[in-house]
There are 2 protein chains.
Amino acid sequence: MKILVIGGSGTIGRKVATTFASRGHEVIVAGRTSGAITVDIAQHASVEAMFAQVGAIDACICTAGTGYYGPFAAMTTEMMMPGIQGKLLGQVDLVLTGLRYLKRGGSFTLTSGIAAQHPARNGTCVAMINGAVNSFVLGAAQEMTDERRVNVVSPGLVEDSRERYGAFFPGYNLVPMEKLVNAYILSVEGAVNGKVLKVYS
Amino acid sequence: MKILVIGGSGTIGRKVATTFASRGHEVIVAGRTSGAITVDIAQHASVEAMFAQVGAIDACICTAGTGYYGPFAAMTTEMMMPGIQGKLLGQVDLVLTGLRYLKRGGSFTLTSGIAAQHPARNGTCVAMINGAVNSFVLGAAQEMTDERRVNVVSPGLVEDSRERYGAFFPGYNLVPMEKLVNAYILSVEGAVNGKVLKVYS
């Protein structure tokens, strides 16, 4: 398969990209600052340009995007906009635009997160975005034609992120990276459609 | 209690407003085109002005906001923006801004919808928005201080909306309006916090 991995320079994206390559797939990595292709998923023109450059694909995986973390009482909707434009609408745009490039039987795999169900302190914006991505996928999966599919992987706190983020998530179980990557494999190589693949521990 | 009902001219809002009034509460109705106070929840300045005018309240209920319905293949993220600015970020802003006006022990009650879990055809945008509101409430509830609370009512297809919307939701059960209004009563007069109150049938 020809697989486009967006966010391929992040902790999860890197592992996803190398895993699919080791499974014999042709992997093209896109990212905001690194990768074979530069893309800012928050910019529709950038998404269009990426797909035009890559051409027809069998799978599109996105692990890119973050959202605002910070004290709730001081949060404004303006602070939420970068995450909405990026992790939420950026991933939505990958599906809406990528449909013109996704081959019959192909799949989209987006990434949300455990916050949709179990938000951490200061993480209400991220919770909102993750919940939005999950429900988007439920709707989008019903609209897929030509045996195409769309799923979302919802990771908990990945063990590789413990040093960077662990302090913000007291009491969250660590997710083995291998187990998390398995969810992406299930989405791309399996038959599932419209699933929120939760990997919380 | 002094209760602010936003969206009080809609099918659900009207019934919510009259019900709380009949239960002995002081109800102030706000709406985009009617009600004692005019408000566009998509505009932060309008939300600020509304709260400044109303002053301290015991409860804020929002039944306002809609989202894009239409063919998935032709949808763009631009078409989704009015719903995101209104039903999603408008409701978020009611909580973020309203916190300065909500008394100790007071509550916010937002409105999402069954689409978060069971989207209809052409309803992926609305699904996304509803899922976002639900997860926002899970996070926001944890951040409440002074015994204040926030919940969201998630209605199915209300019987009063059958003529207007029924054709778009084949196979969805009709929800008796009285049962739906009970969820708002539970949120405002009860002790629940951080709950997605599903009223699907």
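Predicted model: local features only at pLDDT ≥ 70, side-chain atom pairs only at ≥ 80, totals over all residues.
**Exercise 1.** Classify Y69(A) by its relative accessibility, and then describe how its ring is placed against that of F169(A).

*Solution.* Step one concerns accessibility. Y69(A) has a value of 37%; partly exposed covers the range between the 20% limit for buried and the 50% limit for exposed, so Y69(A) is partly exposed.

Step two concerns the rings. A pair of aromatic rings is described by the distance of the centres and the angle of the planes. Over all chains there are eight aromatic pairs. For Y69(A) and F169(A), the centres are 6.0 Å apart and the planes stand at 85°. Planes over 60 degrees apart count as edge-to-face, so this pair is edge-to-face.

Step three places the pair in the chain. Y69(A) belongs to the loop between β4 (57-62) and α3 (77-98) of chain A, whereas F169(A) belongs to the loop between α5 (162-165) and β8 (174-175) of chain A. The two residues are 100 residues apart, and the pair links distant parts of the chain. Ring pairs also join Y172(A) with Y69(A) and F169(A) in a cluster.

**Exercise 2.** Classify the ring pair of F169(B) and Y172(B).

*Solution.* The ring centres of F169(B) and Y172(B) lie 5.2 Å apart, with the planes at 70°, so the pair is edge-to-face. F169(B) has a relative accessible area of 13% and is therefore buried.

**Exercise 3.** State the strand order of the open sheet in chain B, and find which strands form its edges.

*Solution.* Seven strands of chain B follow the order β3-β2-β1-β4-β5-β6-β9, with parallel pairing. The edges are β3 (37-38) and β9 (196-199) of chain B, each of which pairs on one side only. Within the sheet, β5 (residues 102-111) and β6 (residues 149-155) of chain B pair over five parallel bridges. T109(B) has N151(B) in β6(B) as its bridge partner. Helix α6 (residues 177-189) of chain B lies across β1 (2-6), β4 (57-62), β5, β6 and β9 of chain B, at about 155° to β5(B).

Terms used: Residues numbered from 1 in each chain as written. Chains lettered and ligands numbered in written order. Heavy atoms only, no water. Pairing = 2+ DSSP bridges. Helix = DSSP H or I, 4+ residues; strand = E, 2+ residues; numbered from the N terminus. Contact = heavy atoms within 4.5 Å. Axes fitted to C-alpha atoms, helices over the stretch in contact; angles between N-to-C directions. Phe/Tyr/Trp six-rings, centres within 6.5 Å; stacked < 30°, edge-to-face > 60°. Buried < 20%, exposed > 50% of the residue type's maximum accessible area, 1.4 Å probe, protein only.
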